[in-house]
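Have the sequence and coordinates open while reading.

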Amino acid sequence: MDYRRALEQAVSYIEEHLDEPLTVEAVAQAAGYSYYHLTRQFAAVLGESVGSYIKKRRLAEAAKKLLYTKSKVITIALAAGFDSAEAFSRAFKLVYQVSPRDYRKNQLDIFIGAKALLDHGLLDHLAANVTVHPEILEIPEIKVAGLRGETTLKDNRLRELWDQANRLYRQIPNRLVDGRGFGICEACHENTLYTMHDTVLFTEVAGVEVTSFADLPPEFVPKVIPGGRYAVFTHRGSLQMLPKTFEYIWGTWFLTTDEKLAWREDFEVYDRRFLGYDHPESEVDLYIPLE
């Protein structure tokens, strides 16, 4: 049996029974796989266990209900498979860092924990276009010079910023020969992952690697990427799907890893493997800072 089809059947079964008691054995039976093979394929392709996926999807649906319905917290908790409001509150706070009542009060549909339904397109993306298990690297300090622009997750204007940067980067002195391109997210300066949502305005620097900032024209900004440990994911294919990769990083990996996030800036690296915005064989590395 094709493993992707089996995973699709497993996910479909989970979604159809999300408000009911669920066991991994029942999911495996619906997928036509043994318990062992399903759990192994699920973790290898999707980066988490079946049980973790079920729990995170239930919490994500509960978060939507808190924001967009008037249902009582206990009603939402029971529908999410919890025996009590207290157990639900503890699990919810581990993911969202606030209680269900405070989440409803804040009215922020935040990026962290927004675990979307794993439909056919997203399943294919995770299976073929993302390294779901990142490489952990220690890197030295890196100097970057480039242009700063503003955008939101909903109205993404980063392509325009990069088009402008690519037209002007030859004016940057002290560039490395065949130097890499960097997209540095500055969202963590005023926001955290627990306040970021689709309409939050944040800044990004699109630039190139340099040896020094001497004689840098005023229209360019200097950035120093601190050395340290980073989790490195590789995104393959069109950058139009890059938000889906970040959905996986922040909605799955971040919520299941034992690694601790460091409050440095995350960034993308564009080297010779980057073949263009829409090229199906392009590769971009995403660096997530770790303690």
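A cavity here is a set of grid points where a 1.4 Å probe fits but cannot get out. The model is predicted. By that definition, the structure holds three cavities of 30 Å³ or more.

**The second largest cavity**

H4 supplies the largest share, four residues. By class, the lining of the second largest cavity has five nonpolar, no polar and four charged residues.

**H4 against H6**

How far apart are the axes of H4 and H6, and at what angle do they pack? The axes lie 11 Å apart, and the angle is about 95°. Angles of 65 to 115 degrees count as roughly perpendicular, so H4 is roughly perpendicular to H6. H6 covers residues 85–96.

The residues that make the contact are these:

| Helix | Contact residues |
|---|---|
| H4 | Lys55, Lys56, Leu59, Ala60, Ala62, Ala63, Leu66 |
| H6 | Phe88, Ala91, Phe92, Val95, Tyr96 |

Which classes make up this contact? The contact of H4 with H6 has 10 nonpolar, no polar and two charged residues. Lys55 and Lys56 of H4 are in the contact, and Lys counts as charged.

Key:
Residues are numbered from 1 along each chain as its sequence is written. This is a predicted model: local features need pLDDT of at least 70, side-chain atom pairs count only at pLDDT 80 or more; totals for chains, interfaces and linings use all residues. Side-chain values use heavy atoms; hydrogens and water are left out. On a 1 Å grid over the protein atoms alone, a cavity is a set of points where a 1.4 Å probe fits but cannot get out, and a pocket is an open set with protein on both sides within 12 Å along at least five of seven lines; lining residues have an atom within 4 Å of a point. Grid points are joined across faces, edges and corners, and a volume is the space filled by probe spheres set on the points. Helices (H or I, at least four residues) and strands (E, at least two) are DSSP runs, numbered from the N terminus. Axes are lines fitted to C-alpha atoms, for helices over the stretch in contact, and angles run from 0 to 180 degrees between N-to-C directions. Angles under 35 degrees count as roughly parallel, over 145 as roughly antiparallel, 65 to 115 as roughly perpendicular and the rest as oblique. Contact means heavy atoms within 4.5 Å.
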